[in-house]
Amino acid sequence: MTRKKKNPQEELREAVAEGYRRLAFGPVGDAVRLMLTEEGEWIDCGKLDLFNLAEIKRGKGTMELKFVSRLEALDRLAQLCREEPGGDDAFYQALSQGARGLYREEEGNGRAEER
């Protein structure tokens, strides 16, 4: 079975969708573990999944954790799913082709700027 190679926009779309899935459905246990860690106690933060953590504040004897809104992540994920694949792609491809054509036209007239 041969898989169709994805274009960069499709890859980006999938990465964004996966990010929203992690924000919406990701675990919070590691953030709670971090919060319950006593001051001075060692914890390997590199192994913690803190992807959906937006902010950490630590004061004298206190710690405040703010998480990314799961509802907002779900809403954005739903919006992404509703969008037509290729809708924006067609617009950006047309824009890119127009820009290339304009650049070639100016280049032919000797007015193209060096990059």
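Of the 115 residues in the protein, 16% are buried, where buried means under 20% relative accessible area, exposed over 50% and partly exposed in between, calculated with a 1.4 Å probe on protein chains only. This is a predicted model, in which local features need pLDDT of at least 70 and side-chain atom pairs count only at pLDDT 80 or more, while totals for chains, interfaces and linings use all residues. Residues are numbered from 1 along each chain as its sequence is written, and side-chain values use heavy atoms, with hydrogens and water left out.

The protein averages a pLDDT of 80, with 76% of the residues scoring at least 70; pLDDT is the predictor's confidence in each residue, from 0 to 100. Where pLDDT is low, the predicted coordinates should not be read in detail.

The axes of helix 1 (residues 8-25) and helix 3 (residues 70-82) come within 8 Å and cross at roughly 150°; axes are lines fitted to C-alpha atoms, for helices over the stretch in contact, and angles run from 0 to 180 degrees between N-to-C directions. The two helices are therefore roughly antiparallel to each other, a term for angles over 145 degrees, whereas those under 35 count as roughly parallel, 65 to 115 as roughly perpendicular and the rest as oblique. Residues in this contact (heavy atoms within 4.5 Å) include Val16, Tyr20 and Phe25 of helix 1 and Ala73, Leu77 and Leu80 of helix 3.

Gly26 lies in the loop between helix 1 and helix 2 (29-36). Leaving aside residues up to four places away in sequence, Gly26 touches Arg21, Asn52 and Arg70, and its C-alpha atom is separated by 7.8 Å from that of Phe51, which is 25 residues apart from Gly26 along the chain.

| Residue | Relative accessible area | Class |
|---|---|---|
| Gly26 | 11% | buried |
| Cys45 | 43% | partly exposed |
| Cys81 | 61% | exposed |

The structure holds 0 disulfides, a disulfide being a pair of cysteine sulfur atoms within 2.5 Å.

Key. Helices (H or I, at least four residues) and strands (E, at least two) are DSSP runs, numbered from the N terminus.
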